[in-house]
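Here is a short walk through one structure.

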Amino acid sequence: MPANYLPCDEIRDRFSRAMSAMYQAEVPQYGALLDLVECVNRQILEADPTLAERLAAHGELERLGAERHGAIRVGTAQELSMLRRLFAVMGMHPVGYYDLSEAGVPVHSTAFRPVDDAALARNPFRIFTSLLRLELIESPALRERAAAILAGRDIFTPDCRRLIELHEAQGGLDEEQAERFIGEALETFRWHRDATVDLETYQALHAEHRLIADVVCFRGPHINHLTPRTLDIDEVQRRMPDAGMQPKAVIEGPPRRACPILLRQTSFKALEEGIRFAGERQGTHTARFGEIEQRGMALTPRGRERYDSLLGEARRRAAGLDNEAHQRVLDEVFADFPDDEATLRREGLAFFQYRLTDAGTAAVRVKSDSSTAAGRVEGAGLETLIAQGLVEALPLTYEDFLPVSAAGIFQSNLGGGQNGAYAGNANREAFEQALGAPVSDELALYAERERVSREAVLQALGR
Ligand code: OOG
Ligand code: NI
């Protein structure tokens, strides 16, 4: 890449900050949420220097304040595939397939995010992106009406399209082009108070599903939330009401753990906002909310299977309970799930990244100086090397989403519970066709990062 092109990690970092500034201006409560999360994070780090040290060692401390994810929903294959090209400019690629039809929401989704270690460490900004599935709408008339409305909009500015093409043609963007790209790309995610339809059309689509109205009736796929990462989600949930936010009923995901796993999430309820509809009659729309997340370690397929089955059991037992009781049930059900790093690793439940300790680095140096000194590490497997203090294992942070939790977030903001009519409609192939590319398998990405790190330490130590 020519030296004058801005690294895509830098473009993503600037874009995520610009997006956050825009959303703070659009939804002041999001600013209040950021303040609350920052305050709780600061207090946790002050009270727990060991945690601060551990996060610093994992390179997690620097990215903490910048870390957030957002979500959008689009209406057509053309919109989704253009978004793929837009996000590629920022080093964000589609990872994972999420079927939300199971949860009564007529969409399927992926997450655009950076994938390699350095990019994740720099800024792991992710956008959960859902594609509306018009084919799941039962009424042919409504389906056609929605498709016709969607066909009449372009969610990208002409300059945004040109800069994406320029990026693809020349393999990068220089400073001035990148800045223009950030400004133009931001337009796609902006809120529009003006609907593209009249109130009657809005209401007809809304009656089928609120999400359909949200996707179809506006000029663009407004960012519907941005989510900072907290170190103590229980504390933020507790403090939300005093900060003027109404939290959703329960925190989604696993319970609080000594070794946090996967992802815990909660949100404040969507705001009702005034909308200017075409024609005389005016109304409101409820779409935008605030969310917080606490991330833990990525689980292997085996760990994930255990998690899914325990979560299923806990949800059956906790249905209808308030958050405190819900968390108590989760605690009980997850009691048998190991909660120390060594066991999680030995039992193959979580992914880890291996690296040399200072002693390990010293051993490598001695080894290259004299072949006899290397005898100490010859023949030792990874476990022995860890026991000898030459190698350390750090859990990999979960960078993705959880379909059951996502469904809970969707439902708390879109109302309505289960809509059995959409269920059982996973169709990854159709999604990838619309996207114009395959989505990466998130579990394979973690496994690969683990493998590369394992081989690097073994090779360095001459194994
Ligand atoms: C996306 C909801 C899912 C998450 O964090 O799981 C989500 C949406 O409401 O569009 O953001
Ligand atoms: Ni979210």
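Which side chain has an N or O atom 2.9 Å from an oxygen atom of ligand 1? The side chain is that of H225. This is a predicted model: local features need pLDDT of at least 70, side-chain atom pairs count only at pLDDT 80 or more, and totals for chains, interfaces and linings use all residues. Residues are numbered from 1 along each chain as its sequence is written, chains are lettered from A and ligands numbered from 1 in the order in which they are written, and side-chain values use heavy atoms, without hydrogens and water.

Two further side chains approach ligand 1 with polar atoms. N224 places one 3.1 Å from a ligand oxygen. Q265 places one 2.6 Å from a ligand oxygen. The protein covers 100% of the 320 Å² of accessible area (Shrake-Rupley method, 1.4 Å probe) that ligand 1 has on its own. Strand 1 gives the most to the shell around this ligand, with 3 residues. Strands here are DSSP runs of E, at least two residues, and helices are runs of H or I, at least four, numbered from the N terminus.

Now the metal. H69 (NE2), H225 (NE2) and E291 (OE) coordinate the nickel ion, ligand 2, at 2.1 to 2.3 Å. Donors are N, O and S atoms within 2.8 Å of the metal (3.2 Å for Na, K and Ca); water is not among the atoms, so sites may look incomplete. H69 lies in strand 1 (residues 68–74) and H225 in strand 6 (residues 225–228), 156 residues apart.

Conventions
Polar contact = N/O pair within 3.5 Å; in protein donor to acceptor, adjacent residues only side chain to side chain.
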